[in-house]
Amino acid sequence: MIVLAIDTSTDAVSVAINNSKQLLASAHVTSDRRHAELLTPMIKSVSQQADIAMFEIDVVAVDIGPGLFTGMRVGIASAKTIAQVLDIPIIGISSLDILARSVVATQRVVLATIDARRGELYWAMYRNDLGPSIEVKPPVVGKVSDCVADLVDRGQSALIVGNGAQRHQNAMSESLEATGLSIEWASEQLAQPSANVLAIIAAELALHEQWQTCVEVQALYLRAPDAEINWQTRVNS
Amino acid sequence: MSSTISDLTIDSSTVVLGIETSCDETAASLVIGGNDVLSSVVASQLEIHARFGGVVPEIASRAHLEAITPVISQAVEKSGLSFDRVDAVAATVGPGLIGALLVGVAAAKSVALVLDVPFVGVNHLEAHLYAAMLDDPNVEFPLLVLLVSGGNTLLVEVREHGVYKIVGQTRDDAAGEAFDKVARFLDLGYPGGPAIDALAKTGDAAAIDFPRAMLNDGLDVSFSGLKTAVINHVRKYPESKTKDIAASFQAAVVDVLVAKTLRAAENLGARTVAIGGGVAANSYLRSEISVACARKDFRVVLPSLTMCTDNAAMIASAGWHRLRLTGATALDAGAYPNLGLTVAQK
Ligand SMILES: [Zn+2]
């Protein structure tokens with residue numbers, strides 16, 4: 001089973017191809033918002049490196065967010081269209097799931113975070129103690145202080161991963177110190193979700209045919225468009 | 001099987017898949033030989049944006065991502081062909097909303113990658129020029145095109161395929177923008193063009209003498225003064241009938257557009273005049289420009305209403321010509337929200 005994995009939900013563009021046993025080739029470039037320019041040539045070069053023709057791909061995996069809206073959409077539109085033309089299934093995985101899976105097995109609760117800008121984070125919590133990570137707190141968007149409060153509520157030692165918490169590490173450390181919770185920070189190298197990890201998750205799901213069609217897969221925004229938020233406020237007031 | 005990029009010749013059997021996502025329509029189309037439209041599918045977002053009184057970029061981008069796959073599927077299905085008959089893929093790369101454009105560009109490049117066929121980036125404005133020619137393939141150059149939409153008001157000299165000169169444009173609001181703003185002020189809803197067009201039919205176009213700015217002065221136009229005049233008139237004469245205001249406003253816009261278009265055609269020595277863009281669907285503009293052209297013995301090309309508004313057949317057609325003129329676009333192309341018509345393309 002050949003899996004093509006695409007991740008463009010942060011300011012990195014990441015592409016990987018695995019054959020469900022091992023990684024065949026991958027590339028990871030920090031893009032500074034050049035997702036659209038970089039992605040298609042990267043898919044081409046990674047498939048060449050893996051010595052895989054496009055028609056040999058069996059399933060496409062894509063990071064569906066949350067993250068940078070425009071970046072996510074470039075990856076999702078590309079993945080959907082590749083699956084559509086090849087007539088193959090697609091597997092959409094959240095950026096937070098990918099982050100959680102990228103850290104080692106631990107007894108701690110894993111707090112996965114993605115930068116949501118405007119001083120906010122996307123976050124979710126996972127149990128990573130035996131094999132695949134299990135979501136214990138579904139993804140939300142909110143203020144850094146809300147994320148900290150969420151963690152304090154849980155009252156468990158934690159491993160924190162992702163570019164969201166990393167950006168606000170000082171503020172979070174400070175408020176968490178007072179609580180006495182034992183906090184571990186994952187390596188900076190894991191700050192962005194990686195297509196290598198996405199390809200591994202997808203290969204496992206593909207074994208059980210846990211996939212979608214190219215029409216079904218949807219972006220996970222978590223945050224409504226500003227105009228929508230303003231409209232709701234106006235209607236409700 | 002499709003030809004590979006290196007040995008593709010562009011001719012009357014070449015099938016181009018066109019994709020358009022620059023504003024609020026998600027569209028895909030298959031066109032053979034540059035002008036034979038096999039399918040043209042347009043998913044409009046008009047209703048999604050109506051309550052905001054204009055296109056909201058983030059909402060547009062989300063809707064494009066949801067619509068892009070089914071729209072491409074329908075275009076392929078309705079063409080009676082399959083993906084492996086597609087010889088090249090064209091997508092709008094600008095001008096337009098960046099987040100919206102990128103959805104179409106990413107999809108188009110992906111089709112090109114998987115099928116191993118050329119990708120060609122298309123200028124949306126150039127595509128509008130080809131929309132006029134799609135409905136009338138016997139158009140002769142030189143040609144003068146009036147391109148009027150919500151975002152543009154341009155007078156374009158077309159000397160031959162791919163050779164354009166903008167000889168007139170708006171100094172402030174685009175014609176379609178003026179319609180939208182006046183319609184909003186008159187509480188006629190969004191989009192303003194069709195609303196004013198319909199109401200004006202019942203009103204008196206001579207009721208109010210709104211200013212025709214710069215009527216005898218060069219080829220540029222200006223509509224912001226007209227908008228202000230409408231607002232001032234309503235404040236001063238609140239009893240005036242909305243239908244008369246709509247008709248008089250529309251007449252002021254159309255008079256200026258028609259006069260400038262005819263003057264530009266005379267300057268160029270063109271015998272043919274074409275109109276394009278969303279405002280080219282305006283019934284008063286269509287009849288007035290036809291009358292004026294007949295008087296001067298000019299041939300006038302009035303595209304069908306579906307070819308005036310955004311669609312992907314015009315993208316596929318422009319892409320076919322672009323491939324002949326300048327070849328394929330590299331797969332590392334992005335989107336160019338402020339792309340101009342006369343900017344040299346790769
Ligand atoms: Zn347009």
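This note concerns salt bridges in a predicted model.

1. Basis. In this predicted model, local features need pLDDT of at least 70 and side-chain atom pairs count only at pLDDT 80 or more, while totals for chains, interfaces and linings use all residues. Residues are numbered from 1 along each chain as its sequence is written, chains are lettered from A and ligands numbered from 1 in the order in which they are written, and side-chain values use heavy atoms, with hydrogens and water left out.

2. Total. Over all chains there are 23 salt bridges (a side-chain nitrogen of Lys or Arg within 4 Å of a carboxyl oxygen of Asp or Glu).

3. Chain A. A:Asp150 and A:Lys137 form a salt bridge with an N to O distance of 3.0 Å. This pair links distant parts of the chain, 13 residues apart: A:Asp150 belongs to helix α4 (residues 144–154) and A:Lys137 to strand β8 (residues 134–143). Helices (H or I, at least four residues) and strands (E, at least two) are DSSP runs, numbered from the N terminus. A:Asp150 is buried at 13% relative accessible area, whereas A:Lys137 is partly exposed at 24%. Buried means under 20%, exposed over 50%, and partly exposed in between (1.4 Å probe, protein chains only).

4. Chain B, Arg–Asp pair. B:Arg85 and B:Asp87 meet in a salt bridge at 3.6 Å, N to O. B:Arg85 is partly exposed at 33%, and B:Asp87 is buried at 7%.

5. Chain B, helix pair. B:Glu266 and B:Lys296 form a salt bridge, their closest N and O atoms 2.8 Å apart. B:Glu266 lies in helix α8 (residues 242–268) and B:Lys296 in helix α9 (residues 283–296), so the bridge ties together parts 30 residues apart in sequence.
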